[in-house]
Amino acid sequence: RKHTEYNVFRYMTGKEGIENLHRNPSAMTLDYSLPDMNGGEILRKVKEILPDIKVLMVSGNGDIATAVKLIKDGAYDYFEKNSVNDVKVKVLEALNEIKKAN
């Protein structure tokens with residue numbers, strides 16, 4: 001799906017997301033709880049394949065220990081999914097940072 005100048009793709013499982021990394025995304029939002037895999041496992045696999053990708057971890061759980069671990073494992077940010085606007089703001093912040101770096 002097109003969103004302004006960005007291509008946006010949605011995958012419902014970790015497996016689908018990993019299988020589509022060939023699209024070489026600049027950023028990714030990743031839910032910590034997916035039906036087939038834990039978000040931490042997916043994060044580690046994604047970072048092995050695309051070390052520079054900005055991965056924003058989203059969770060319904062505000063556990064600080066989990067957040068710290070995910071940031072240490074390479075997540076760009078971690079936040080609770082309070083509203084759709086929170087997700088949009090965080091994604092746009094990451095994409096703006098990517099633009100500035102390029």
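Author: Let us begin with burial: a residue is buried under 20% relative accessible area, exposed over 50%, and partly exposed in between, with a 1.4 Å probe and protein chains only. Thr 66 is buried, because its relative accessible area is 18%. This is a predicted model, in which local features need pLDDT of at least 70 and side-chain atom pairs count only at pLDDT 80 or more, whereas totals for chains, interfaces and linings use all residues. Residues are numbered from 1 along each chain as its sequence is written, and side-chain values use heavy atoms, with hydrogens and water left out.

Reader: In which element does Thr 66 lie, and which residues does Thr 66 touch beyond four places in sequence?

Author: Helices (H or I, at least four residues) and strands (E, at least two) are DSSP runs, numbered from the N terminus. Thr 66 belongs to helix 3. Contact means heavy atoms within 4.5 Å; setting aside residues up to four places away in sequence, Thr 66 touches Tyr 32 and Tyr 78. A polar contact is a pair of N or O atoms within 3.5 Å; within protein, one must be able to donate a hydrogen and the other to accept it, and residues adjacent in sequence count only if both atoms are side-chain atoms. The side chains of Thr 66 and Asp 63 are joined by a polar contact of 2.4 Å.

Reader: How many helices and strands are there, and in what pattern do they follow?

Author: The protein has four helices and five strands, and their order along the sequence is β-β-α-β-α-β-α-β-α. Of its 102 residues, 31% count as buried.

Reader: Which residues of the largest nonpolar core touch the most other members?

Author: A nonpolar core is a set of buried Ala, Val, Leu, Ile, Met, Phe, Trp, Tyr and Cys residues joined through side-chain atoms within 4.5 Å. The largest one has 15 residues, of which Leu 30, Leu 43, Val 46, Val 55 and Met 57 touch the most other members. At least two residues of this core come from each of strand 3 (27-31), helix 2 (39-49), strand 4 (54-59) and helix 3 (64-72). Helix 2 contributes the most, with three residues. Beyond four places in sequence, Val 46 is in contact with Ile 18, Leu 21, Met 28, Ile 53 and Val 55.

Reader: Where do the buried residues of helix 2 lie around its axis?

Author: The buried residues of helix 2 are Gly 39, Gly 40, Ile 42, Leu 43, Val 46 and Lys 47. They lie on the same side of helix 2, because they cover an arc of only 155 degrees around the axis, the arc being that of the directions from the helix axis to the C-beta atoms. Their cover includes helix 1 (14-19), strand 3, strand 4 and helix 3. At the start of helix 2, a side-chain oxygen of Asn 38 comes to within 2.5 Å of the backbone nitrogen of Gly 40.

Reader: Is Ala 94 buried or exposed, and what does Ala 94 contact beyond four places in sequence?

Author: Ala 94, in helix 4 (residues 84-101), is buried, with a relative accessible area of 0%. Beyond four places in sequence, Ala 94 contacts Lys 54, Leu 56 and Tyr 76. Its C-alpha atom is separated by 7.1 Å from that of Ala 27, 67 residues apart along the chain.
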